[in-house]
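Take a moment with the model below.

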Protein chains: 2
Amino acid sequence: MPRWLTPEEQCAWRAFIEASSRLLDDLEHQLQREAGLSHGDYEVLVRLSEAPERRMRMSELADQALVSRSRLSHAVSRLESQGLLQRQACETDRRGMFAVLTDEGFARLEAAAPSHVDEVRRLLFDNLTEDQVRALEEISQAVVSARREASGRSRG
Amino acid sequence: MPRWLTPEEQCAWRAFIEASSRLLDDLEHQLQREAGLSHGDYEVLVRLSEAPERRMRMSELADQALVSRSRLSHAVSRLESQGLLQRQACETDRRGMFAVLTDEGFARLEAAAPSHVDEVRRLLFDNLTEDQVRALEEISQAVVSARREASGRSRG
DNA sequence: CCAGCATAGTTGAATAGTCAACTATTTCCA
DNA sequence: TGGAAATAGTTGACTATTCAACTATGCTGG
């Protein structure tokens with residue numbers, strides 16, 4: 001006997017799916033239009049830009065940018081061919097590679113960021129109270145931690 | 001001078017991106033494993049199953065399932081070839097088509113739903129208080145309405 | 001030491017998604 | 001009425017993503 005969702009949960013779930021799909025789609029389109037980047041690519045560049053020496057090991061980058069290793073590998077090849085980053089062999093682990101943000105990549109990111117941030121504000125934060133911003137973070141944290149604990153338990 | 005995000009908004013934004021990506025990815029994998037359906041396909045089948053006579057015009061279905069018309073058209077072709085639904089010409093508007101859920105499609109959905117719902121509970125609602133569920137819905141509604149008003153304004 | 005397992009990352013084929021162009025029909029209104 | 005514009009839906013080419021297989025290297029216990 002499956003535990004169904006309560007009516008309140010149903011509503012919340014559908015609202016969440018609609019809001020997050022539309023929000024992410026809109027941001028995707030906006031980034032594509034203004035900067036020729038997908039949201040995934042943008043995340044990759046952001047993480048690199050914040051890393052020491054603007055470089056990061058492939059696996060760590062994949063984890064932080066929330067994409068699979070395979071997808072990152074393809075994405076890095078694309079971004080590399082656009083000159084936005086480079087691969088660099090790791091000297092202490094000969095299996096390893098770094099992705100390094102180029103100046104051009106950094107410039108592209110700097111050009112894309114302001115209008116992207118404006119869009120995030122416009123589509124999300126301008127429509128929320130301070131309490132709602134706090135609630136959004138707490139809800140998100142709860143989801144992320146629960147997932148982490150669950151996978152910790154199943155691995156350990 | 002771009003309005004940057006406040007530190008609180010930054011945190012909320014990153015937490016939201018991580019939580020929603022992981023949640024949606026997990027659900028996607030679970031549905032794929034258990035029922036051989038993508039989340040998009042699942043949404044399509046759900047909407048059809050709730051429609052009168054289990055059928056719906058392509059455009060309305062696309063709107064409700066939050067996918068582009070082109071994507072729906074491809075998806076319907078796939079699902080049709082799997083026998084989960086059928087296309088049916090509309091008699092009052094000769095441009096129009098209905099997508100109709102087959103018995104097999106309905107059965108597939110019934111088989112997939114319980115474990116999917118369990119997963120939604122487990123990954124999301126089990127980790128939230130009642131207040132948080134309410135907050136999640138209000139936040140989502142706020143985002144969706146703001147977007148609707150904005151596009152209404154730009155269209156009108 | 002070294003055999004076996006784990007980890008880092010890549011690849012290519014298969015699948016899915018996007019975008020713009022296209023057909024066919026309907027609606028609007030001068 | 002008729003012709004422009006809007007709407008419904010499809011298509012195909014291109015791009016992106018996934019999945020499983022693969023190479024290469026590092027680690028670990030007997």
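By class, which residues make up the surface near DNA strand D? Four are nonpolar, eleven are polar and nine are charged. Keep in mind that this is a predicted model.

DNA strand D is surrounded by 24 residues. Chain A provides Ser70(A) and Arg94(A), which are among the closest. Chain B provides Met58(B), Ser59(B) and Ser73(B), also among the closest. Now place the helices. Helix 4 (69-81) of chain A supplies at least two residues of the surface near DNA strand D.

Turn to the contact between the protein chains. Here 42 residues of chain A are in contact with 42 residues of chain B. On the side of chain A that touches chain B, the elements giving two or more residues are helix 1 (7-35), helix 5 (103-123) and helix 6 (130-155). Helix 6 of chain A gives the largest share, 14 residues. By class, this side of chain A has 26 nonpolar, six polar and ten charged residues.

How are the copies related? Two copies of a chain are related by a rotation about an axis and a shift along it. For chain A and chain B, the rotation is 180° and the shift along the axis is 0.0 Å, with an RMSD of 0.1 Å. That is the relation of a two-fold axis. The interface fits into this picture. Of the interface residues of chain A, 100% are also interface residues in chain B, so the copies meet through the same surface.

Methods:
Residues numbered from 1 in each chain as written. Chains lettered and ligands numbered in written order. Predicted model: local features only at pLDDT ≥ 70, side-chain atom pairs only at ≥ 80, totals over all residues. Near = placed C-beta within 6 Å. Helix = DSSP H or I, 4+ residues; strand = E, 2+ residues; numbered from the N terminus. Nonpolar A, V, L, I, M, F, W, Y, C, P; charged D, E, K, R; others polar. Contact = placed C-beta atoms within 7 Å. Least-squares fit on C-alpha atoms with pLDDT ≥ 70 in both.
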